[in-house]
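Please keep the sequence and the three-dimensional view at hand while reading.

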Amino acid sequence: MVAVPVYRWRLAPDGLATRRQLRALGLRPGGQDVAAQIERPRRRRGPLVAYLYSIEQAKPVRPMTPAKWAALAKANATRRLCPECRRDAGYVIPASLGMCATCAFPDEQRAA
């Protein structure tokens with residue numbers, strides 16, 4: 001395993017970027033290895049670590065196809081469907097409840 005250089009927070013050289021920074025530029029790592037990492041110290045826990053990639057070797061983000069848009073819309077619609085009453089809740093069903101608020105709290109809905 002090849003050791004990667006480690007830089008302190010905000011002291012990384014130009015030409016390197018995190019995944020988020022690449023995405024903001026419309027780029028993706030594109031299969032390249034991690035070029036370096038930065039560490040941000042914290043008081044009570046270990047440091048935060050972020051991996052850096054070369055901007056020169058980054059590739060453009062793949063565009064969304066109509067099929068991908070359709071699959072994403074279908075997945076989001078499924079997350080809005082209540083498994084109890086089988087209705088579209090109008091919002092994403094919280095995983096903590098597992099059902100819409102009307103089904104989870106029926107007494108509170110009748111009182112209102």
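Predicted model: local features only at pLDDT ≥ 70, side-chain atom pairs only at ≥ 80, totals over all residues.

## The nonpolar core

The largest nonpolar core consists of 5 residues: Ala17, Leu22, Leu27, Tyr53 and Ala58. Two of its members, Leu22 and Tyr53, are described here in more detail.

Once neighbours within four places in sequence are set aside, Leu22 is in contact with Ala17, Leu27, Arg28, Pro29, Tyr53, Ile55 and Ala58. This list includes the other members of the core, namely Ala17, Leu27, Tyr53 and Ala58. Along the chain, Leu22 and Tyr53 stand 31 residues apart, and their C-alpha atoms are separated by 8.3 Å.

## Tyr53 in strand E5

Tyr53 belongs to strand E5. Its relative accessibility is 6%, so Tyr53 counts as buried, a class that requires a value under 20%. Beyond its neighbours within four places in sequence, Tyr53 is in contact with Gly15, Leu16, Ala17, Arg19, Leu22, Pro29, Gln32, Asp33, Val34 and Ala35. Among these partners, Ala17 and Leu22 are also members of the core.

Is Ser54 buried or exposed? Ser54 is buried, because its relative accessible area is 13% and the buried class takes in values under 20%. A polar atom of the Ser54 side chain lies 3.4 Å from the backbone nitrogen of Glu56. With neighbours within four places in sequence left aside, the contacts of Ser54 are Gly15, Leu16, Gln32 and Ala35.

Gln32, one of these contacts of Ser54, is located in the loop between strand E3 (27-28) and strand E4 (36-40). Although Gln32 sits in a loop, this residue is buried, with a relative accessible area of 13%. A polar atom of the Gln32 side chain is found 3.2 Å from the backbone oxygen of Pro29. Apart from neighbours within four places in sequence, Gln32 is in contact with Tyr53, Ser54, Gln57 and Ala58. Of these partners, Tyr53 and Ala58 belong to the core.

## A nonpolar surface patch

On the surface, Met64, Trp69 and Leu72 form a nonpolar patch, and together these residues have about 310 Å² of accessible area. Met64 occupies the loop between strand E6 (59-60) and helix H2 (66-80). The relative accessible area of Met64 is 38%, so this residue is classed as partly exposed, a range that runs between the 20% and 50% limits.

## The salt bridge

How many salt bridges does a search of the whole structure find? The search finds 1 salt bridge. In this pair, the side chains of Arg80 and Asp88 meet, with an N to O distance of 3.1 Å. Side chains of opposite charge can pair when their charged atoms come close. Arg80 is partly exposed, at a relative accessible area of 29%.

## Loop residues with positive phi

Most residues other than glycine have a negative phi. Arg10 has a positive phi of about 70 degrees, although it is not a glycine. The loop between E1 and E2 holds Arg10, which counts as exposed at 74% relative accessibility.

Arg86 also has a positive phi, in this case of about 60 degrees, and it is not a glycine either. Arg86 is placed in the loop between H2 and H3. With a relative accessible area of 56%, Arg86 is exposed.

## Exposed residues and distances across the model

Leu11 lies in the loop between strand E1 (6-8) and strand E2 (16-17). From C-alpha to C-alpha, Leu11 and Ala71 are 41 Å apart in space, while 60 residues separate them in sequence.

Ser96 is located in the loop between H2 and helix H3 (101-104), and its relative accessible area of 70% makes it exposed.

How values were computed:
Residues numbered from 1 in each chain as written. Heavy atoms only, no water. Core = buried A, V, L, I, M, F, W, Y, C linked by side-chain atoms within 4.5 Å. Buried < 20%, exposed > 50% of the residue type's maximum accessible area, 1.4 Å probe, protein only. Contact = heavy atoms within 4.5 Å. Patch = residues over 30% accessible without salt bridge, like charges linked within 9 Å, V, L, I, M, F, W, Y side chains within 5 Å. Areas by Shrake-Rupley, 256 points an atom, 1.4 Å probe, with all protein chains shown as cover. Salt bridge = Lys/Arg side-chain N within 4 Å of Asp/Glu carboxyl O. Helix = DSSP H or I, 4+ residues; strand = E, 2+ residues; numbered from the N terminus. Polar contact = N/O pair within 3.5 Å; in protein donor to acceptor, adjacent residues only side chain to side chain.
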